[in-house]
Amino acid sequence: MAFLYALPGAAAEGLIWGLMAIGVYISFKILDIADLTVDGSICTGACVCAMLIAAGVPVWVSVIAAFIAGALAGVVTGLFHTALGIPSILAGILTQLILYSVNLSILGGKSLAAIDPRANKLIVHMSDNPRSIVAMVIVVAATIIALWLFFYTEVGLTIKSTGDNPHMSRAQGVNVSLNKVVGLAVANGIVALAGAMLAQYKGSANINDGRGAIVIALAAIFIGLSVSLKIKPNFVVSLIGVVGGGIVYYIVYNFVILLGLKTDYLKMLSAIIVAVFLAVPYLKAEYFTKHTSLHPNAGGDANA
Amino acid sequence: MLKIRDLQKTFNPGTINAKTALDGLYLELKDGDFVTVIGGNGAGKSTLLNAVAGVWKPDFGTIEIDGVDVTHMPEYKRAQFLGRVFQDPMMGTAPDMEIAENLSIAERRGTKRRFVRGVRRADRERYREILAELELGLEDRLSTKVGLLSGGQRQAVTLLMATLNRPKLLLLDEHTAALDPKTAAKVLELTDRIVRRDKLTTLMITHNMKDAIAHGNRLIMMHAGRVIVDVSGEEKKNLTVEQLLALFNQASGGGAVNDRMVLN
């Protein structure tokens with residue numbers, strides 16, 4: 001029974017993390033970059049949104065500002081990588097560390113900023129889960145449609161090809177460096193957008209929000225793609241799958257809490273889920289490929 | 001069309017691995033020239049093509065394409081003049097994207113890419129027609145991911161991508177070397193057909209001497225980062241592999257012939 005009561009909350013929060021996972025899908029799957037900026041940029045989105053709302057700025061303006069702040073963080077990582085030649089994974093870590101200081105200063109040196117849900121018309125809040133779910137479905141759908149339109153334009157196709165085959169892209173006149181910066185900006189913008197939603201949902205932004213966010217996003221991506229790729233391997237179905245993965249993750253998360261697992265172990269659990277999903281394809285190929293002792297032609301054609 | 005003056009490139013300079021790949025190379029191609037390039041391993045053939053394509057900057061010398069000095073132009077900008085096909089069939093296409101998407105990216109090479117749909121209905125019709133000319137049955141697989149095609153099919157698609165918008169210069173870097181003999185012959189025949197039809201200025205590296213003689217209107221041999229033999233017209237047409245080897249021995253002082261070149 002308690003589990004059923006927890007479901008709407010899990011769905012709402014899962015949708016927020018699913019939105020975040022869409023951002024990570026762009027960097028991880030499309031650009032082929034494991035971008036660790038996101039642990040910082042989700043928090044940046046939360047902090048910017050919370051502080052602006054507290055300062056009396058309209059909610060929707062605060063959300064857009066959060067998106068822009070996240071996109072800027074992506075640009076910084078992109079420039080570290082492309083203009084300064086820093087390996088992408090390290091570029092992300094550097095920006096993440098920079099963002100910790102930036103986020104602290106956004107919060108005015110405190111570790112927490114509260115949003116009053118009664119004084120502001122928030123898009124999502126934990127006190128009204130049905131409404132939050134509807135709002136998040138709209139936000140997620142709008143994001144997926146926008147990305148779908150974008151990635152099938154002439155420009156969007158070259159961003160996909162940049163991650164798929166940079167060599168080919170350059171030979172076809174594609175500015176690979178610029179595309180990586182643009183892609184990381186869009187990815188982190190969406191991540192920060194999710195951060196803004198998270199801050200509203202919880203009614204606060206915390207300097208520790210987003211620690212390990214990349215792992216949750218990857219878990220959502222792997223869970224989602226394991227199903228959606230079997231249905232239809234196209235862009236929109238994949239993105240819907242990723243969001244579904246986020247919801248499944250949060251339902252499992254709540255279920256595990258109800259089973260009595262200490263919350264201290266939840267981050268470890270997330271990491272193990274991701275490790276398993278990453279390991280399975282490798283283990284399958286390495287240890288479970290059938291090896292036949294018969295010659296491929298044996299027993300087939302007697303004249304062979 | 002292409003003017004290369006005193007081109008020099010040393011890899012790993014100042015180390016014990018220093019290797020002078022281009023050593024004062026001069027080369028001029030006229031409009032419509034189809035030049036085959038042969039030479040032993042390490043002669044600088046691929047280095048020459050990469051220098052023209054702008055994969056890295058040369059240490060010295062200039063490269064001009066159609067009157068434009070491209071020596072310091074980055075690779076992606078230079079691509080507007082060039083069509084390239086590589087030895088590795090995996091290199092020239094985006095495997096996780098559809099055939100039509102690959103062709104669309106290639107067709108808009110050198111133009112300002114816009115925020116409009118990348119593959120339109122009219123594009124599909126056109127792609128279907130040009131793919132049909134390949135006679136590989138790809139015209140009905142426009143939405144197939146390129147990664148699902150065979151090496152030969154991918155190389156044929158790459159060749160289409162390279163020539164779709166008539167490049168000023170076509171660079172072929174042993175583009176049939178990784179294919180089985182039958183497929184290689186087919187891709188080579190296709191190359192000939194497209195180059196002749198569009199009168200493309202072409203540089204084609206090959207390690208097959210017969211192919212080098214049979215294709216194009218001019219043949220150059222490279223050795224130690226320079227052009228050591230340059231034959232064209234009637235003289236090239238009447239060449240035999242034996243004569244070519246003799247010519248090579250003579251010009252290089254005997255050291256340039258290796259097994260790989262004699263093989264064919």
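Reply: Start with a definition. The expected span of a helix is 1.5 Å times one less than its number of residues. Helices (H or I, at least four residues) and strands (E, at least two) are DSSP runs, numbered from the N terminus. This is a predicted model: local features need pLDDT of at least 70, side-chain atom pairs count only at pLDDT 80 or more, and totals for chains, interfaces and linings use all residues. Residues are numbered from 1 along each chain as its sequence is written, while chains are lettered from A and ligands numbered from 1 in the order in which they are written.

Me: What span does helix α5 of chain A reach, against what is expected?
Reply: Its 23 residues, 129-151, reach 32 Å from first C-alpha to last.

Me: Which residues of α5(A) are buried?
Reply: Buried takes 20 or more other C-beta atoms within 10 Å of a residue's own, placed from the backbone. S132(A), A135(A), M136(A), V140(A), L147(A) and F151(A) are buried.

Me: What makes chain B as compact as a globular protein of that length?
Reply: Chain B comes to 10 helices and 10 strands. Its radius of gyration is 19 Å, close to the 18 Å that the globule rule gives for 264 residues, so it is as compact as a globular protein of that length. The radius is taken over C-alpha atoms; the rule is 2.2 Å times the number of residues to the power 0.38.

Me: How do you know that β3 and β8 of chain B pair?
Reply: Pairing takes at least two DSSP bridges between two strands. β3 (34-39) and β8 (202-205) of chain B have 4 and run parallel. V35(B) stands opposite L203(B) in β8(B).

Key. Buried ≥ 20, exposed ≤ 12 C-beta atoms within 10 Å, placed from the backbone.
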